Structures are given as C-alpha cells and as structure tokens.
Amino acid sequence: MKRISIFSIFLLFLFIIIPNTYAAVTQEECNAAVSPETCPAGCGYNPELDVCEQCMPGFYKSEIGAQQCTPCTIKPSNTKFTEDDANKGMTEDMCPWEIICNAGQYFDGSQCLACGDYYLTNNYECLILGTGATITTEDYANCTHAARCDGKVYTLDLRHNSGLAWFENKTAYFKYGSGFSANETGPWNKSTLPPEAMQEDNPPGQEFVGYFNGQNGIVSPDREQYFDNEGGYTRKTYADLADLANKDNVITLYAAWSYKPYYIHYYYDDTGNDDPITQNCGGGKDFTVEDCTTMGYPPGNSGWQAPEGTSFVEYECYKTYTDGEFSNPCGTYIPGVQINPPEGKNEDTLYFVAQYQVCPIGHYCDSNGQHECPGGTTTMSTGTSSTSGCVMRRGVSGTKFCDSTGNCFYIPASLLFNGTIPGR
C-alpha cells in the first residue's frame, strides 16, 4: 500500500513538472480497425463514411469503440488549441494549445494583458505553448510581466517651498513598480525617499511636514500629501504619483511646513520647586514669544503673587532646565514690553524665571504691581506693601501737601497733630 502511494506521487510529479509528450495515434492505426467497435483511442468513428478517423486538433478519445471524438477542455482561458496535423489523434484531454502576446503585452498565466501607460515595453511578439495545464514553452519566463514590462522612471522635482533663498530644491527618482532612489538607475526603495531628498533645515518657527502637490507653504486641506516628514510614501498606489507627471515625466512636489510648537515655562522663582505655568503655542515665520504670552496679564506684570513689599521686574530666560538647575541663559523678557528674549526666539522650549525688586521709597507694591504713593505722601522705608505706609513728611517750611488736581502747598507744623507727624 505504501509503495503504491509513493509511486502515485512520483507520477503526479512527472505530470506537473515535465512537459507532456502524449503520443498521438496515426491515421494508419485508425485504418487498422476492422469494425466500429474496434476504433482505437484517438480515433473517432464517422458513421456517414463508416470509417475510423484521427481526432482533429482540440479533440480526443480515450477509449476503444464507436464513440466520436470529444472536445478538449484543459487549457488556460483565452488560449486556443494548436491546429497542427501533429496534434491529431489525441487520446487524453491534454491537447496542445498556444497564445501569442503582442508587443506591449505579457502573459499572466491565462491571457495576454497590456503592460499599461506606466511601463516601457519591448516591441516583439511572444509565443506561449502548452499542453493541458502545463506550459511547455522553454522561454516562458521571457513572456511574464517582469520580463516584458519595465516601469517608467520619473524625475521627482522636490521644491523647498520655504521662501528662503538659502534653502535648496531636491531631486530624486521614481521607477513605477520599483520605488524611489537618489539615482536614475537605482537601487530602489519601494516605500521611502532617499535621505538626500529630505529637507535638512526648518524655516524659523516652522517644521517640515512632507511633500505635497500644491505650493501653499503651510499645511492646508486643499492639497494632498505624497510623502511624510521621514520620506515615507503616503498614497495607496504608485499610479497616484505617476498621474502627476508632465509630458517630460517630471513630477513636481512642494515641501509643506507646519507651525512649530513652542513651550514656555514660567517659574515663580529660581528654585525650580514650584509648578510652572506652561504655555504652548504654534509659531510661524513671524513668531514671537509674545504670541505665547496669553495669560492676560498687563504689561510688566508676571501674573504671580509677588512677595510682600516687592514688585516684578522681568523674567530671566534660560534654554535648559535639568534637575532643578537653570542653565544656558538667553537674556531677559518682560511681557507686553518685549516681543522676544534676545537669544531665545528659535528655541523649542524656554524657561522664564521671575525676578522681583523691593518696592522703592515713594511707592507701595501690592498684588497689582508697583504704584506711586498718593500725591504729597511718601514712604518712610523701602518694601511698603499698601497705601497705609504712605505718609506726609515735615520739612523746614512745614509739611508739603498736594491735592488731586496737582496743586501743592505747605501746612505749618504747628497745625498738625500738635506738631507731631506720625512716623517721626
């Protein structure tokens, strides 16, 4: 039983792999029949002439007897049985067939198909022969899509589209069916542009998003993306890209830029222990740090509750904050007064540390900032935190007093508090 099984597998292997060489019955063998019942396989009985005749090409007869020949059925679709005298008298449903693929076509296993508009094609015919389910053409490999259809090579004109003269346009190549390369002859990467085709720099306040089919520099819904910021192809098929080519097989795409995210961290003091107020916003070529100052505080105000008797002066700007330490200073910044710290515009992240000063003589400092004392009054020391610390002071001519209209006069000391000024 085991021997029979192995032998059957061996025969099946021969049937599939080795081209079929089924012997046809000759007309002489058909003529040797002495009666209709003795017509051999490969010979059909013709009752009108009362003779045995070879089965015509495309027909077969597998049994001895008076039956007529049966049409062969095993062949790829769209092929035809070969009309050749050598193919008469077939005894099995294994009739030879053929198909001719014209220039610009390839054989897909069952029919000839056009290579298409995206391919350069050869200009010669290709004859494919077979028997039953087996292709017998020795050079069949030369009739396949890979052999007969060579993808067109397109030039990718990649515009920097930044508006900056020192940026460079890039060039790459696209071969239909193969992918992308820095060279016109490959090697080809099926899904990603070569590194040489990417934009190395970003315009101030922007970052590279990818290549699109429109010139609008900032990403917008009226354009379609073809490559992402790492060069990955984003469309479904190569045809989406090839359809953009002009008559010279040049495809022009444009770099697109998005507003770069900026992060501004505002700290109460330089200890780094307090939770900062963090602002993040998009930049752009005209970006300023002031665009990220959206906390709604008046000019010169930090928004923090300053220590009692002090007022906010400015922020010290740092580019780095690590383990509680601020470093890499980038100048100072006053909200509403400056639009940028001197050296911090092009940084992704900035750290602002509030700086305060003790309230000076003649002023009081509360939660709304620093204020002058009311007219005719002053303070006896620095660090005053409210109007209650603003008093009138006596001089040689008496105590100077100014009313709300700005008119000033002196009151003799003898008329005030029995000659005593509070705080003296």
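## Exercises on a predicted protein chain

The protein chain has an accessible surface of about 23800 Å² (Shrake-Rupley method, 1.4 Å probe; for residues, only the protein chains shown count as cover), and carbon and sulfur atoms hold 50% of that surface. This is a predicted model, where local features need pLDDT of at least 70 and side-chain atom pairs count only at pLDDT 80 or more, while totals for chains, interfaces and linings use all residues. Residues are numbered from 1 along each chain as its sequence is written, and side-chain values use heavy atoms, with hydrogens and water left out.

**Exercise 1.** Find which residues touch the most other members of the largest nonpolar core.

*Solution.*
- Start with the term: a nonpolar core is a set of buried Ala, Val, Leu, Ile, Met, Phe, Trp, Tyr and Cys residues joined through side-chain atoms within 4.5 Å. Buried means under 20% relative accessible area, exposed over 50%, and partly exposed in between (1.4 Å probe, protein chains only).
- The largest core has 29 residues, and those touching the most other members are Leu156, Phe174, Phe180, Leu193, Phe227 and Leu241.
- Elements giving two or more residues to this core include strand E13 (153-159), strand E14 (170-175) and helix H4 (238-242). Helices (H or I, at least four residues) and strands (E, at least two) are DSSP runs numbered from the N terminus.
- Apart from this core lies another of 13 residues, among them Tyr60, Met90, Cys112 and Cys143.

**Exercise 2.** Decide whether glutamine 199 is buried or exposed, and find its side-chain partner in a polar contact.

*Solution.*
- Go to the loop between E15 and E16, where glutamine 199 is found.
- Check its relative accessible area: at 10%, glutamine 199 is buried.
- Its side chain forms a polar contact of 3.2 Å with that of tyrosine 211. Such a contact is a pair of N or O atoms within 3.5 Å; within protein, one must be able to donate a hydrogen and the other to accept it, and residues adjacent in sequence count only if both atoms are side-chain atoms.

**Exercise 3.** Locate a cis peptide bond and a positive phi in a residue other than glycine.

*Solution.*
- Recall the background: most residues other than glycine have a negative phi, and most peptide bonds are trans.
- The cis bond joins glycine 186 and proline 187, with omega about 5°. Proline 187 lies in the loop between strand E15 (179-181) and E16.
- For asparagine 78, phi is positive, near 70°. Asparagine 78 sits in the loop between strand E4 (70-71) and strand E5 (80-81), and is exposed, with a relative accessible area of 53%.
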